Amino acid sequence: VYMLALVDAAAKKGESVPVTKDIMKVRKFYEMIKNDQLEVTQQYQDLINGQASVDMTDVGRAAEISSLMGMESTVLPGFFRFLAKKRRFNGLSMIADFYMEELYKEQNIVPVRVTSAQSLTDEQRESIKNKMKKITGAADIKLVTSVNADLLGGFKIEYNFLDADNIRGPQEALDYSLKTVLQKAAVGQGVLLDELQDAVDTGR
């Protein structure tokens with residue numbers, strides 16, 4: 001209900017894009033809090049727990065937290081105040097998660113993570129995106145790439161994430177890495193992978 005109210009307010013104000021950016025800030029903020037990577041962690045906890053000031057109202061605390069996060073839209077600070085008045089501000093993190101999940105579903109965007117032995121070329125990136133559009137039926141692909149030389153060659157594709165926005169918990173994968181090819185060959189021939197790699201490296 002609260003997430004739908006936020007979506008509706010953003011649309012009416014014409015701030016869907018800045019609100020989405022702010023929601024991403026909120027999620028990043030909470031992630032940093034969770035990992036204790038933020039200098040304002042204690043300040044935030046004091047605000048949430050009502051220990052910052054005995055005279056500060058819930059709405060005042062919401063305004064302080066909004067300032068800490070640095071909002072771009074006018075809608076989200078107002079939404080913070082709305083949650084505070086309803087005594088639902090502690091649910092902000094969950095609302096932000098649900099907002100992003102629904103956004104991906106509505107726009108039919110599928111996140112895909114590709115780990116390759118070498119940096120992908122623009123042509124390779126487009127080829128993978130087109131391939132994954134066909135596999136997933138997505139309108140667009142959010143491609144996240146990284147390099148891992150341990151793959152020896154080729155690449156590994158992961159998708160269907162439990163947490164689409166943070167690219168976590170892949171449920172499906174396509175492995176085209178040389179390392180996997182060698183592993184399968186080693187198992188098939190009864191040869192240890194390390195011995196096979198050594199043979200490839202030395203030319204023996």
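User: Which residues of the largest nonpolar core touch the most other members?

Analyst: This core has 28 residues, and Leu6, Ile23, Val26, Met69, Leu76, Phe80 and Leu92 touch the most other members. The model is predicted, and local features need pLDDT of at least 70, side-chain atom pairs count only at pLDDT 80 or more, while totals for chains, interfaces and linings use all residues. Residues are numbered from 1 along each chain as its sequence is written, and side-chain values use heavy atoms, with hydrogens and water left out.

User: What makes a set of residues a nonpolar core?

Analyst: The members must be buried Ala, Val, Leu, Ile, Met, Phe, Trp, Tyr or Cys residues joined through side-chain atoms within 4.5 Å. Buried means under 20% relative accessible area, exposed over 50%, and partly exposed in between (1.4 Å probe, protein chains only). In soluble globular proteins, nonpolar side chains tend to be buried together.

User: What is leucine 76 in contact with, leaving aside its neighbours within four places in sequence?

Analyst: Leucine 76 is in contact with Leu6, Asp22, Ile23, Val26 and Met71. Contact means heavy atoms within 4.5 Å.

User: What does the side chain of arginine 27 make a polar contact with?

Analyst: The partner is the side chain of aspartate 97, at 2.6 Å. A polar contact is a pair of N or O atoms within 3.5 Å; within protein, one must be able to donate a hydrogen and the other to accept it, and residues adjacent in sequence count only if both atoms are side-chain atoms.

User: How do the ends of helix α7 compare with the span that its 15 residues should have?

Analyst: The expected span is 1.5 Å times one less than the number of residues. For α7 (residues 122-136) this gives 21 Å, and its end C-alpha atoms are 21 Å apart, which agrees.

User: Why are the buried residues of α7 said to line one face of the helix?

Analyst: Ile128, Lys129 and Met132 are buried in α7. Seen down the helix axis, the buried residues fall within an arc of 100 degrees, so they line one face. The arc is that of the directions from the helix axis to the C-beta atoms. Glu123 and Lys134, on the other side of α7, are exposed. The cover over the buried residues includes β1 (109-116), β2 (140-147), β3 (155-163) and β4 (168-175).

User: What kind of aromatic pair do phenylalanine 155 and tyrosine 176 form?

Analyst: Rings of Phe, Tyr and Trp (its six-membered ring) pair if their centres lie within 6.5 Å; planes under 30 degrees apart count as stacked, over 60 as edge-to-face and the rest as tilted. The count comes to 2 aromatic pairs. In the pair of phenylalanine 155 and tyrosine 176, the centres are 5.5 Å apart with 65 degrees between the planes, an edge-to-face pair. Phenylalanine 155 lies in strand β3 and tyrosine 176 in the loop between β4 and α8 (178-189), so the pair ties together parts 21 residues apart in sequence.

Terms used: Helices (H or I, at least four residues) and strands (E, at least two) are DSSP runs, numbered from the N terminus.
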